[in-house]
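Please read the numbered points with the sequence and the model at hand.

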Amino acid sequence: IGLATAEVNPFGPAQEYVAPETKFEFNWISPPSQAGPLFETTGADGFEGLERFIIGFCKKILVANNIAVIVDFYYQGLGLLAYEAWIVLFALSIQLYFDFSAYSDMAIGLGRMLGFKLPENFNYPLASHSIRVFWKRWHMTFSSWLKDYIYIPLGGNKVSPIKNYSILFILFLICGFWHGASRNFLLWGVYNSFFIICSWVN
């Protein structure tokens, strides 16, 4: 757009500027034009995307936000009884899942309405029977990125068991640091790496 000058353009004649918003055409009813819009979606995609967005919105507003009230209430206490600690642990797990998956559902729904098919990010992780399966189902796009750009380049499971365990330890340290640059998140990474390594040993 900004290349038009008084000199001869080596790339050919300057094209007429078209406002970007005119490129975003949504063909929910009529068939696409011969040239085809930059972003195109069908009526089925539009309604499926809207449905997915509403599901995510309801998960956030009706479930995650209401459970957060319970979690915040117990966190304000000076001490917790054993059963109260278990309630907070269970409630926080449900809150985090519905909170994160709700945002993913809304993003996937919006993308579908715009003609994009974004990858799934959660696949019932709380129903996993092991921590290895959990990390394959939880935040799958981030887990795939860690596997493709850190775990496999460092050797993955093609190396000796000791080196593989070291790579897993480093991987979850990075994962914890990514979530937050604090001691708690680094300890969280160590905690997860310990159980992941134990599952590999078994």
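1. In the residue classes used below, Ala, Val, Leu, Ile, Met, Phe, Trp, Tyr, Cys and Pro count as nonpolar, Asp, Glu, Lys and Arg as charged, and the others, Gly among them, as polar. The model is predicted, so to speak of local features a pLDDT of at least 70 is needed, side-chain atom pairs count only at pLDDT 80 or more, and totals for chains, interfaces and linings use all residues. Residues are numbered from 1 along each chain as its sequence is written, and side-chain values use heavy atoms, with hydrogens and water left out.

2. The protein has six helices and zero strands, in the order α-α-α-α-α-α along the sequence; helices (H or I, at least four residues) and strands (E, at least two) are DSSP runs numbered from the N terminus. Of its 202 residues, 31% count as buried, where buried means under 20% relative accessible area, exposed over 50%, and partly exposed in between (1.4 Å probe, protein chains only).

3. The largest pocket has a volume of about 860 Å³. Of the 20 residues lining the largest pocket, Ser93, Leu96, Phe134, Trp188 and Asn192 are the closest to its centre. A pocket here is an open set of points on a 1 Å grid over the protein atoms alone, where a 1.4 Å probe fits, with protein on both sides within 12 Å along at least five of seven lines, and lining residues have an atom within 4 Å of a point. Grid points are joined across faces, edges and corners, and the volume is the space filled by probe spheres set on them.

4. At least two lining residues of the largest pocket come from each of helix 2 (82-113), helix 3 (131-137) and helix 6 (183-201). By class, this lining holds 13 nonpolar, seven polar and no charged residues.

5. The second largest pocket contains about 500 Å³ of space. Its lining comprises 17 residues, of which Trp135, Lys136, Ser143, Lys147 and Tyr151 are the closest to the centre. Two or more lining residues are given by each of helix 3, helix 4 (140-151), helix 5 (161-179) and helix 6, and helix 4 has the largest share, with six residues. The classes here are 11 nonpolar, three polar and three charged.

6. Where does isoleucine 174 lie? Isoleucine 174 is found in helix 5, and it is partly exposed, with a relative accessible area of 35%.
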